[in-house]
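Before reading on, take a moment to look over the sequence and the structure. The report that follows begins where the chains meet and then turns to one chain as a whole and to some single residues.

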Number of protein chains: 2
Amino acid sequence: MSNRLEQQLHFVLEIDRLKQILRQTLVSDGSRRENSAEHSWHLAMMAILLCEYSNQFIDTLRTVKMLLIHDLVEIDAGDTYCYDEAAMVGKEERERCAAERIFGLLPSDQSGEIRALWDEFEARRTPESKFANALDRLQPVLLNFHTQGRAWKEHGITLAQVLSRNTIIEEGSEALWKHVRALFEQAVELKYLKP
Amino acid sequence: MSNRLEQQLHFVLEIDRLKQILRQTLVSDGSRRENSAEHSWHLAMMAILLCEYSNQFIDTLRTVKMLLIHDLVEIDAGDTYCYDEAAMVGKEERERCAAERIFGLLPSDQSGEIRALWDEFEARRTPESKFANALDRLQPVLLNFHTQGRAWKEHGITLAQVLSRNTIIEEGSEALWKHVRALFEQAVELKYLKP
């Protein structure tokens, strides 16, 4: 086996560990927490199905790639719950170290490509990264609403918190943001979210 | 909300159920069985990383889309273990019905696109579908080998069976098939597979 293929297949096995990283969101039947690998699959599917709602024209392949790789750093850094302010301290530094190690397992051309995609996702400046980030926020909203707000209720989340956290959806998609705001209003009425 | 967006978001929630479909393969630390959603994510990542090994030039986006959607029919039809001959009876018909119902939830333009991608994957005639099928076979081989052949041993799988099942890897990638054959030889030596 060539050294290049060896490196690539080692990486393929290493990233299998993303299947063990649990998020706070529940899967749609509420039976268990979602893991970051299946979450990434779900987002890539959403990118394919919902790209027409992006505010700006986007390159679908780049958006899908970004979503497939955006959580890989959690293999080392873990999933940080976005409403846990204490845990959010140092998140950026932890994830940067993780990116160095994990992407560094690949041959340098691919390691550079994946790192650039991850940096692009984090910086949220291009149309693709704005839309990818919008989907990354929309998906847990859909699942939280569908599971009667259980994850929100467990953590006592308020309307102000979800509005502030999710307003960046609008940067990627005004149409999806309009839908999400309507869902939040319903969620308050149904007592899934604190007013 | 427009009727179109409503249909699309209903589909997004419906396909969440793929996270509950368990395969025979174990995840890399052997702690549990893999589900079909995270398996699809893993394959899409492999398409991005390994496309240089395809025998023919391929459109990466079409290959990735095909891999993201290829198992959706299992939401209704379940995962059929490839070495279970009794379960394989009627699989095609079950999956065709599932495709009708599940893809039919989408607006017709998207339902048509996804159905065409699924048919293409199943027919294994285009370069993209040959390579996608090669990855769909390679991934469980890597995980089975990495977990000391536990899934193979549990079902008493032989070298002849894995060779016959996986020979289609060669149609998509001679380089990857060469690697897989070497792994099988090692797997017999290590008693992961029956000779």
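## Where the two chains meet

How much area do chain A and chain B bury between them? In this predicted model, the two chains bury about 4,400 Å² between them, and 70% of that area lies on carbon and sulfur atoms. The size of an interface is often given in this way, as the accessible area lost when the parts come together.

Counted by residues, 51 residues of chain A are in contact with 51 residues of chain B. Of the area that chain A buries against chain B, 17% is supplied by K19(A), W41(A) and L49(A), which is more than any other three residues supply.

## The build of chain A

Chain A contains twelve helices and two strands, and, read from the N terminus on, its elements follow the order α-β-β-α-α-α-α-α-α-α-α-α-α-α. The radius of gyration of chain A is 17 Å, close to the 16 Å that the globule rule gives for 195 residues, so chain A is as compact as a globular protein of that length. Along its principal axes, the C-alpha trace of chain A spans about 60 × 35 × 30 Å.

Among the contacts in chain A with a separation of 6 or more, 68% are accounted for by residues 24 or more positions apart. Of the 195 residues of chain A, 55% count as buried. The accessible surface of this chain comes to about 8,200 Å², and carbon and sulfur atoms hold 49% of it.

Is F184(B) buried or exposed? With a relative accessible area of 1%, F184(B) falls under the 20% limit and is therefore buried. This residue sits in helix 12 of chain B, which covers residues 174–189. Leaving aside residues up to four places away in sequence, F184(B) touches V141(B), W152(B), L159(B), V162(B), L163(B), N166(B), W177(B) and L193(B). By contrast, Q8(B) is 176 residues from F184(B) in sequence and 43 Å from it in space, C-alpha to C-alpha.

S36(B) belongs to helix 2 of chain B, which covers residues 36–50. At 0% relative accessibility, S36(B) counts as buried. Again without residues up to four places away in sequence, S36(B) touches L18(B), I21(B), R23(B), D71(B) and E74(B).

Most residues other than glycine have a negative phi. Where in chain B is the place of R124(B)? R124(B) lies in the loop between helix 7 (108–123) and helix 8 (127–146), and, at 27% relative accessibility, it counts as partly exposed.

K191(B) likewise is a residue other than glycine with a positive phi, here near 65°. Its place is in the segment after helix 12 of chain B. At 65% relative accessibility, K191(B) is over the 50% limit and therefore counts as exposed.

Methods. Residues are numbered from 1 along each chain as its sequence is written. Chains are lettered from A and ligands numbered from 1 in the order in which they are written. This is a predicted model: local features need pLDDT of at least 70, side-chain atom pairs count only at pLDDT 80 or more; totals for chains, interfaces and linings use all residues. Side-chain values use heavy atoms; hydrogens and water are left out. Helices (H or I, at least four residues) and strands (E, at least two) are DSSP runs, numbered from the N terminus. The radius of gyration is taken over C-alpha atoms; the globule rule is 2.2 Å times the number of residues to the power 0.38. Buried means under 20% relative accessible area, exposed over 50%, partly exposed in between (1.4 Å probe, protein chains only). Contact means heavy atoms within 4.5 Å. Accessible areas come from the Shrake-Rupley method with a 1.4 Å probe; for residues, only the protein chains shown count as cover. Buried area is the accessible area (1.4 Å probe) that two parts lose on being put together, summed over both.
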